[in-house]
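I opened the coordinates to look up a few things for my notebook. The entries follow in the order I made them.

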Amino acid sequence: MPRFKKTRKFAVQRKILKMTDARLKPEDRVIRKKKKDENDIPKYEAPQTTSALFFNYNTQLGPPFLILLDTNFINFAIKGKVDLIDGMTDCMYAKCIPYLTECVRGEMERLGERYRLALKILKDPRIKTLTCSHKGIYADDCIVERVREHKCYIVATCDKLLKRRIRKIVGVPIMSVGQRKFVIERMGMGV
């Protein structure tokens, strides 16, 4: 006589007794709740937004616009053959004052001979230099910290990681290079 193989049943649910089942003892019917400890409660703290953001509109932004330049924005502007100040004026329809932090200038100088044209453009007297008082020479951290402190800047960058960090800061617009012109992202709204 042949033997039949017994296969295992898949997705079998275990039966669970309800609290109203007659087979349960009265002391087992008590629903035990975990005591909530004050230390276990997660505390969510959002950064305090400034009062300059009225209905998510940044009132500190206005002509003349103050624009913080990043290294790759300058390089992309050169590759796209767009003049910095004329391109900003065409994008914003107002006077724009480009600012460069010491960290960004140092980063451009460290890039070497390949970027000598960018360094020559940065010597333009219309581009103002901001002094840095922080430790370190990383330009992205410098820009993010400056924008967190003062919401009066528009950040000009093409760096994806820096854009992602700045989008988390409420009320700071981002300018980038696209199709041989400058484009601005979320100018009026803070969210």
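I count a contact when heavy atoms lie within 4.5 Å. On that basis, residues 24 or more positions apart account for 63% of the contacts in the chain with a separation of 6 or more.

**Basis.** I am working from a predicted model, in which local features need pLDDT of at least 70, side-chain atom pairs count only at pLDDT 80 or more, and totals for chains, interfaces and linings use all residues. Residues are numbered from 1 along each chain as its sequence is written, and side-chain values use heavy atoms, with hydrogens and water left out.

**Overall layout.** I took helices (H or I, at least four residues) and strands (E, at least two) as DSSP runs, numbered from the N terminus. I found six helices and eight strands in the chain. Their order along the sequence is β-β-β-α-α-β-α-α-β-α-β-α-β-β.

For burial I used relative accessible area: buried is under 20%, exposed is over 50%, and partly exposed is in between (1.4 Å probe, protein chains only). Of the 191 residues, 37% count as buried. Accessible areas come from the Shrake-Rupley method with a 1.4 Å probe, and for residues only the protein chains shown count as cover. The chain's accessible surface comes to about 14800 Å², and carbon and sulfur atoms hold 54% of that.

**Helix α5 and its surroundings.** I listed the buried residues of α5 (residues 139-149) as Ala139, Asp140, Cys142, Ile143, Val144, Arg146 and Val147. What do the buried residues of α5 pack against? I noted the strands β3 (65-69), β4 (96-101), β5 (128-130) and β6 (153-156), and the helices α3 and α6.

I then looked at α5 against α6. Axes here are lines fitted to C-alpha atoms, for helices over the stretch in contact, and angles run from 0 to 180 degrees between N-to-C directions. The α5 and α6 axes are 10 Å apart and the helices pack at an angle of about 20°. That makes α5 roughly parallel to α6; the classes are roughly parallel under 35 degrees, roughly antiparallel over 145, roughly perpendicular from 65 to 115, and oblique for the rest. On the α5 side I have Asp140, Asp141, Ile143 and Val144, and these meet Leu162, Arg165 and Ile166 in α6.

**Helices α1 and α3.** The axes of α1 (residues 71-79) and α3 (residues 102-111) come within 9 Å and cross at roughly 60°. Thr71, Ile74 and Asn75 of α1 make the contact with Val104, Glu107, Met108 and Leu111 of α3.

**Salt bridges.** I searched for a side-chain nitrogen of Lys or Arg within 4 Å of a carboxyl oxygen of Asp or Glu. How many salt bridges does the whole structure hold? The search returned six. Side chains of opposite charge can pair when their charged atoms come close.

Arg167 bridges to Glu185, with the closest N and O atoms 2.7 Å apart. Arg167 lies in helix α6 (residues 160-167) and Glu185 in strand β8 (residues 181-185), so this pair ties together parts that are 18 residues apart in sequence. Arg167 is partly exposed at 39% relative accessibility, and Glu185 is partly exposed at 25%.

Arg126 and Asp124 form a salt bridge at 2.9 Å, N to O; Arg126 is partly exposed, with a relative accessible area of 44%. Arg116 and Glu113 form another, with the closest N and O atoms 3.5 Å apart. Both Arg116 and Glu113 are exposed.

**Loops and backbone.** Most residues other than glycine have a negative phi, and most peptide bonds are trans. I noted the exceptions below.

Tyr93 has a positive phi, near 55°. Tyr93 sits in the loop between α2 (84-92) and β4 and counts as exposed at 74% relative accessibility. Gln179 also has a positive phi, near 55°. Gln179 is in the loop between β7 (174-178) and β8 and is exposed, with a relative accessible area of 74%.

Which residues does a cis peptide bond join? I found Pro63 and Pro64, with omega about -5°. Pro64 lies in the loop between β2 and β3.

Gln60 lies in the loop between β2 (57-58) and β3 and is partly exposed at 42%. The C-alpha atoms of Gln60 and Cys152 are separated by 5.2 Å, although the two residues are 92 apart along the chain.
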